Amino acid sequence: MVQAALSEQTRLAIIAKLLENNAADEPRYQRILRLTQALFDAPIVLISLIDQDTQWFKARIGTTLCQTARADAFCAHAIEQQEILVVEDATVDSRFAANPFVINAPHIRFYAGAQIRVKGHYTLGSLCVLDTKPRKFSSESATHLRDLADIVAAEFEFDLISEQIEQINKIQLLTECITRVQADFILAEDRRAAFDRLLSDILHITDSCYGFIGEVLYDEQGAPYLKTFALTNIAWDASTQKFYDENAPAGLEFRNLHSLFGYTLRTQQVMLSNNPATNPHACGTPKGHPPLDSYLGIPIFFDEQLIAMVGLANKAAGYSERDIEFLRPLTSTIGQLVYATRIKRQQLLVQQQLNNIVDASEIGTWTLDLHTDSLEVNARWLQMLGYQATDLPRISLAWMRNNMHPEDLQASRESVQRHLEGKLDFYESQFRIRHKAGHWVWVQARGRLMAETLSKPKLAKLYGINIDITAEKSLQNKLTKLAEHVPGMVYQFQLNPDQSIVFPYVGPAVEKLLGFNATELALDGALVFSKVHPDDLVSLNESIMYSAKHLQQWQLRFRMAPKGSKYRWLAGQSSPELQDNGAVIWHGYIQDVTEETEMQLALESAKAQAERAVATKSSFLANMSHEIRTPMNGVIGMLDILAENNTDPNQAESISLMRESAYSLLTIIDDILDFSKLEAGKLNISKEALLLEPLVEQICSMLDYLALKNKVELTFYIDPTINTALWFDPNRLRQILVNLLSNAIKFSSNLDRIGLVRLAITLVDRQQHQALLCFTIADNGIGMAADVVGKLFQPFTQADDSTSRRYGGTGLGLAITHQLVQLMDGVITAESVSAYLSTS
């Protein structure tokens, strides 16, 4: 069963090949049919091929039909037997009596068909003779028909062989094309020329007229577009020829996704159209463009990514799936080449960037061939030593050794050897080499043996760079000399990944400050920690580890006892730097701050004692004020009772004077109490949500008597926009306003003019939850000098002694007011213009 199925598949495949490019009037087969018709005097002669469902006519005479259903074909019966099938009268043959071609036109009555067999046993169809009347068919006629069928079979086999030969030739051309393009990409400097030759080969192999090969790229929005590597020149006038000449070498870009090639870019699918004019994806061609009769667009993938595309046009016979399959090895090769082109382009870009970096950084590069000891260097390497390329056509390792400073040669050799033995990741060395002019140039060299050369000793090369560090070395020498004359010590402290500690560099004062010399600390930096005060050791370790972890500046004061001496205070400060090997190195400065620290500690002790004394004083004042205030309130109460019950005018005046003196003393006590609380930081602000206007009216009403008594006119104004409740401390605001207004009234009285005192409250700014108010108190009193205004809010300050004698007071009121305003997040200022004082 399996063999039979495979045999049938082969038979059908042969028929399909024979039917390709089928022409019913092919001369070879028409000649055979004319000979058959003349020999048998038949109106209809056919060469038929029978596939699964259809009878195809490879050649025909006497009918216009090209095919019929297999179920209606006489030949379908003929191929099922070994001998010629002869039907002398179809109307009496049960197999064919009901056949539509018997019942209807052409009313077949006679049929004779000889099987056409190729390759020995594949029966493809028959050579048949048909007539519209019954006939007899002799054995001689059968022999003639058999011979003619064999001739047809021979022609078929010739066609198949020709097809195979043509296919082999195409495969050979395809193989040659793949080999040639691979060679071109390996050898050619100009990859675009290689793509041009590749496109020419593809057009030849596929019998196409023109086409393109392009790379698929993507714009910033992710939309694909095509940039050509090769494009057939189909310019049709001078302007298009000029455009092609100017743009084709660099590659033309095609971004129209609503076109035949755009379909492939959008969908990543093949576009095959043998009638582009009617294809819904076509967008037409410009006027003058060569005809587009057929088109094939093939997407090319690499690693499942669309990276390229081939487009072909105008194959005379049209394109088919066979063309796509045939070109698959070549399109796969193109995918690899386009990917290689991308990699090469990226490598060139990286190489150019690297060259630019090297040129900008003035780094000398070198390559040492370990097999020949020859050295290849760049121009900057030569310039460091004052040479041109013509001065040193060949540089060897021996030349390097002869020109290197003798003191540096051994260390450089050892570093190279340790790297080659795998003990160091890099060769690294600092050495002096003689300049062409005779002086020494300090060089920092760093190199590495490339991994791919390790298994090939004869190809082993050491790649590296040289940096001129002469200026740095000179500066380092100067810094060393400078460090010898500074009171502290500059240093480098290094913490290695294994937690070992070394000091790569220490200044000359190292033994004086730390008690160890530079050699000891270069080998084991942990020696320093053995001399640190036990109480400071934990903070020192923690600060170092924190600085290393976060790469933040290290700063600390700690005590250390150098060899044979008492503990001294040291202050250190340094900046960390992470190294390539994971180590952290600090660059910094340490100095002896023992005297400064001891002085600071003494000052801190004295400050603490002073603060305790102030606290004691404040507590004493608060207690004394409280103790005095209690009996004073009793005295005032008794005086109030005497004043109410006494009718003697002389006694009443004395009682009034005593009462005013008591109130004055009580005010002084309250001021002292408030001042002590403020000084101790124990006076709190308690805010409430209140309307401002009632409080101001209450304060002014309370001061009306004082104003009238002193012949002073007291007025106030409140901005009408201040009409909502505000959060503030009413008691402290009352205390502030009463103090300021009382002062204004007091200093505006007993003058040669009517005293004027005005309170104005305005809204300066309002935000969502805050309001900024300005309280302005103006009077026309005695005024004051500018130098007095500057110290007005200091405790116990008045304009002069005469002011104190004339108006009284302790000088604490404005100092308290100033501090209360600050506690309420406000600012108070004073200014005096002529004879006016304004406080706000």
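## An aromatic cluster

Tyr491, Phe493, Phe503 and Trp586 together make up one aromatic cluster. The model described here is predicted.

## Aromatic pairs

There are 15 aromatic pairs in the structure. One of them joins Phe195 and Phe229: the ring centres lie 4.2 Å apart and the planes meet at 5°, so this pair is stacked, since planes under 30 degrees apart count as stacked. The two residues come from distant parts of the chain, with Phe195 in helix α6 (residues 191-206) and Phe229 in strand β8 (residues 224-231), 34 residues apart.

Phe195 has a relative accessible area of 1% and is buried. Phe229 has 7% relative accessibility and also counts as buried, because the limit for buried is under 20% relative accessible area.

## An edge-to-face pair

Tyr387 and Trp399 have ring centres 6.0 Å apart and planes at 75°, so this pair is edge-to-face. The cut-off for that class is over 60 degrees. This pair, too, links distant parts of the chain. Tyr387 lies in the loop between α11 (379-384) and β15 (395-396), while Trp399 belongs to helix α12 (residues 397-403), and twelve residues separate them. Tyr387 and Trp399 are both buried.

Methods:
Residues are numbered from 1 along each chain as its sequence is written. This is a predicted model: local features need pLDDT of at least 70, side-chain atom pairs count only at pLDDT 80 or more; totals for chains, interfaces and linings use all residues. Side-chain values use heavy atoms; hydrogens and water are left out. Rings of Phe, Tyr and Trp (its six-membered ring) pair if their centres lie within 6.5 Å; planes under 30 degrees apart count as stacked, over 60 as edge-to-face and the rest as tilted. Helices (H or I, at least four residues) and strands (E, at least two) are DSSP runs, numbered from the N terminus. Buried means under 20% relative accessible area, exposed over 50%, partly exposed in between (1.4 Å probe, protein chains only).
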